[in-house]
Amino acid sequence: MIDLKFEQKENIGFQYVLDALQPNSPYGEEAIRKLKPFTPTEKPELLRQLNNVHRVMDGEALCQNDLNRMLRVFMCAKNIRTTVVKCAEAALNEIELFEVKRFLLQIEEMKPYFEAVQTAMHLEGVTLEDTSEALEILDPEHNRIATFYISDSYSPRLRAIRKEKKALEDVMRRVKSGPEREEAQAKRVRVAADEEHEEGRIRGELSESLRPLIPAMLHNMQTIADLDLTVEKARLAKKYGGVMPEITESRVVLENMINPQIADLLEERGKHFTPVSISLEKGATVITGANMGGKSVALKTIALNILLAHCGFFPFAGRASVPLFDGMHIISEDLESIDRGLSSFGGEIVRFNQVAQNMSEGFAFILLDEFARGTNPDEGAAIVQAVTSWLDTKNAVTVLATHYDNVAQLGSAHYQVIGLKDLDVEALRNEIANSHGDVGVELIARHMNYGLYRVEEKQDCPRDALNICRLLGMREDILAMVENNYENR
Amino acid sequence: MKPTLSELIRPYRSVSIIGMCKNAGKTTVLNRIIREVAGNGQTIALTSIGRDGEDKDLVTGTKKPGIYVAEGTLVATASELILHHCDVTREILETTGVSTPMGDVVVLRARSDGSIQLAGPSITKQLARLGDTFRTFGADLVMIDGALSRKTLCSRSVTEATVLCTGASYHKDIDVVVEDTAHVCRVLTLPELEEGETAGQLRELDEEFRGTLLFTEKGPWQLPAGLSLEDGLRRPEAAGTKTVFFGGAMSDGLMKPLLMSSAPLKGMTFAVRDSSKILLKRENYDKIAIRGIDLRVMESVNLVAVTVNPFSAYGFHFDKDELMERMQARVDIPVINVEDNAL
């Protein structure tokens with residue numbers, strides 16, 4: 001099961017995407033709250049939703065006004081799902097009946113817009129059930145006004161009671177004091193009780209007649225939620241550049257992905273997100289690169305876009321092929337809870353054990369960010385090597401980011417952060433030397449290429465760390481010793 | 001001929017009614033206005049701050065008159081009270097989403113005469129929005145059953161006019177009733193700060209500002225936290241202070257040492273947001289005027305009448321003419337006896 005913790009969703013930028021949705025209706029809001037990733041068996045429903053996002057993107061321009069009007073009907077409305085569900089077993093009170101009536105009127109109001117929208121978009125599996133019969137029950141006089149009153153026309157007895165009550169009230173208006181008023185007042189108390197009783201009986205009857213129409217009402221709430229969410233997904237796809245994913249058996253291909261949360265943050269600082277491309281097969285893929293090199297950003301972006309596809313969003317990529325996983329697991333030191341009283345390293349191991357134990361539960365996506373970084377490098381490397389070899393043979397797509405040596409060759413594929421690879425280090429060094437103040441780190445960050453490239457054969461150690469030391473003006477004599485150490489490895 | 005209460009409130013579209021204490025006759029006044037105004041064919045809308053209209057006064061156990069509305073009246077009250085404690089025939093108009101301990105506030109139209117109980121919003125902003133809702137349903141006069149402890153809700157930004165109810169239930173000594181009521185009237189009707197640069201700058205101020213601002217010859221200077229005003233006024237930064245604005249409450253603890261000090265206060269203006277911020281004992285309040293300070297508010301209350309109830313819920317009563325006369329001698333606005341039929 002894909003069941004990420006809130007902190008994990010927040011960390012990879014999924015919560016940011018959810019927060020960027022601006023649903024118009026309380027039903028859309030509810031749908032976002034209850035959003036769950038689809039499992040492989042739910043593929044048809046996922047495809048329906050994805051196709052609908054596509055159709056909204058294509059057809060929106062043809063019916064923009066109708067679409068806006070339709071969505072506006074339920075703006076500021078109250079979610080009355082629990083009231084409708086309650087109606088199945090109990091009599092509704094008059095305030096609840098009012099809310100049901102208003103909902104039914106809103107459905108009538110949205111109907112013509114809905115039809116115009118559907119003519120333009122042909123959304124799959126999105127229908128509006130006819131609930132006019134229910135409205136008829138709550139508005140027998142065809143006033144079509146959004147207020148509710150237990151009308152005299154519901155029962156001759158009610159009409160008679162109210163007539164009597166009115167007559168007594170007239171007496172009380174006319175006679176300010178004395179026995180005549182007191183008699184009228186006492187009588188009125190009894191008649192008001194009769195009215196209450198008769199109204200109660202009618203409310204019971206009304207609720208009962210509404211009962212067969214409950215499924216239709218709930219269906220329409222679902223339709224509103226579905227429409228609202230689909231339109232919002234399409235809006236985000238346009239805003240951040242989403243693409244219809246191809247649902248594959250096991251292969252992941254994500255080209256030029258972005259992560260909106262990080263992209264927006266960089267944008268604010270006048271920088272740009274470097275798109276990430278990767279393709280993953282069953283087995284372990286290792287990502288290496290120097291610190292400062294954006295391995296974590298790459299991992300978050302991969303996890304985010306895979307999760308988005310599972311939730312019926314268009315991944316924010318140029319091209320996307322994604323399989324449906326039974327499980328998704330992120331193991332990252334900064335996400336392992338310290339509240340369990342374990343060291344961060346211990347927390348990671350406990351978490352890994354849980355994942356390893358559940359490998360039989362189906363096809364999984366596993367992400368390890370700098371696994372075992374909290375322990376000493378010799379032991380850490382040995383642990384990561386073993387974990388990589390073990391995961392490489394399992395029914396899972398695994399991505400590991402590490403800066404430990406001799407791990408990459410144990411996986412099925414190896415990616416490296418481009419980093420400073422294609423850069424003229426000498427030119428940048430001059431730039432840093434000629435600029436004022438402490439801007440070295442800033443300049444390196446700006447020239448660092450955070451993209452990934454696939455390493456096809458065994459390569460030399462990337463030496464980005466050495467380059468960074470050089471750029472930041474480490475003493476020449478120490479640099480010479482570092483280089484000497486590289487040669488002797 | 002003295003004007004009646006309904007004549008006094010006729011020019012206004014919204015009125016709040018507040019009492020010096022429980023059983024001061026607030027509900028009687030409400031019922032009178034409802035009867036008279038509804039008789040003119042006007043639509044009244046009713047709500048309250050907090051809960052009122054209970055059958056029994058929760059404190060004294062005395063029987064209280066219920067609010068009896070006429071057909072056509074608009075009412076905003078908590079859903080529990082509508083469902084279980086109203087005997088009018090009801091048309092539900094709107095659910096507001098404003099919650100109270102007795103359910104959300106719902107707006108209804110009375111389709112018969114009958115009694116209701118009120119429990120409305122307790123936040124100024126919600127009350128203002130409710131006023132708009134009432135108007136869309138055709139209200140001519142919005143009446144708010146208020147509370148003395150919530151004076152902010154009487155500000156003219158919320159209700160255009162206010163009626164203060166007092167009576168024998170407040171205290172067994174008629175002198176205390178008259179003097180305390182007169183004091184509350186004076187505080188409620190403090191004049192507004194005159195238009196000008198200072199008033200303009202204060203209007204720009206964040207509503208949540210709780211500090212003290214000195215308007216010196218060089219402009220506004222905020223009194224540093226921990227520094228008393230009497231010491232602050234001696235600082236060079238305070239040179240030429242004409243006006244002092246108190247963002248927080250003006251309490252006895254704050255004002256007494258200042259008023260006893262030798263600080264040169266004569267001719268200064270002290271300003272607060274509204275009269276709810278003045279929490280002073282009468283002796284300290286009176287010293288402000290004695291020291292030659294001009295006390296002002298940003299937003300005043302438009303107090304149009306004081307009603308008196310000579311009967312106490314505790315079983316004694318004053319002479320109604322004596323109470324009327326003595327009260328009228330101490331306030332500039334009309335004083336009206338709640339039990340008087342000419343109300």
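**View 1. The contact between chain B and chain A.** In this predicted model, 16 residues of chain B are in contact with 15 residues of chain A, where two residues are in contact if their C-beta atoms, placed from the backbone, lie within 7 Å. Helices (H or I, at least four residues) and strands (E, at least two) are DSSP runs, numbered from the N terminus. By class, the side of chain B that touches chain A holds 5 nonpolar, 6 polar and 5 charged residues; Ala, Val, Leu, Ile, Met, Phe, Trp, Tyr, Cys and Pro count as nonpolar, Asp, Glu, Lys and Arg as charged, and the others, Gly among them, as polar.

Residues are numbered from 1 along each chain as its sequence is written, while chains are lettered from A and ligands numbered from 1 in the order in which they are written. As the model is predicted, local features need pLDDT of at least 70 and side-chain atom pairs count only at pLDDT 80 or more, whereas totals for chains, interfaces and linings use all residues.

**View 2. A sheet with strands from both chains.** Strand β1 (residues 148-149) of chain A pairs with β6(B) in the antiparallel sense over 2 bridges, and two strands pair if DSSP finds at least two bridges between them. Within this pairing, A:Y149 has B:E91 in β6(B) as its bridge partner. The open sheet has 10 strands with mixed pairing, in the order β1(A)-β6(B)-β7(B)-β5(B)-β2(B)-β10(B)-β1(B)-β11(B)-β19(B)-β20(B). At its edges stand β1 of chain A and β20 (335-337) of chain B, each with a single partner strand, so one side of each is left without a neighbour in the sheet.

View 3. Strand β1 (residues 14-19) of chain B and strand β11 (residues 161-167) of chain B run parallel and are joined by 5 bridges, with B:I17 standing opposite B:V163 in β11(B). Helix α2 (residues 26-39) of chain B packs on the sheet, where this helix touches β1, β2 (44-48), β10 (141-145), β11 and β19 (303-309) of chain B, and its direction makes about 170° with that of β10(B). Helix α5 (residues 174-188) of chain B lies across β11 and β19 of chain B and runs at about 165° to β11(B). Axes are lines fitted to C-alpha atoms, for helices over the stretch in contact, and angles run from 0 to 180 degrees between N-to-C directions.

**View 4. A helix pair in chain B.** Helix α8 (residues 252-260) of chain B packs with helix α9 (residues 282-290) of chain B at an angle of about 40°, and their axes are 10 Å apart. The two helices α8(B) and α9(B) are therefore oblique to each other, since angles under 35 degrees count as roughly parallel, over 145 as roughly antiparallel, 65 to 115 as roughly perpendicular and the rest as oblique. The crossing of α8(B) past α9(B) is left-handed; a crossing is left-handed if the near helix is turned anticlockwise from the far one by less than a right angle, and right-handed if clockwise. From α8(B), the residues B:D252, B:M255, B:K256 and B:L259 meet B:N284, B:K287 and B:I288 in α9(B), and the residues of this contact divide into 3 nonpolar, 1 polar and 3 charged.

**View 5. A helix pair in chain A.** Helix α16 (residues 425-434) of chain A and helix α18 (residues 464-471) of chain A pack at about 30°, with axes 9 Å apart, which makes α16(A) roughly parallel to α18(A). The crossing of α16(A) and α18(A) is right-handed. On α16(A) the contact is made by A:V425, A:L428, A:R429 and A:I432, and on α18(A) by A:N467, A:R470 and A:L471; by class, this contact has 4 nonpolar, 1 polar and 2 charged residues.

**View 6. The domains of chain A.** Chain A is divided into domain 1 (38-238) and domain 2 (241-459), with bounds that come from an automatic or database domain assignment. The C-alpha centres of these two domains of chain A lie 50 Å apart, and their contact takes 13 residues from domain 1 and 10 residues from domain 2. On the side of domain 1 of chain A that touches domain 2, α4 (43-59) and α11 (214-240) of chain A each supply at least two residues, and the largest share, 7 residues, comes from α4(A).
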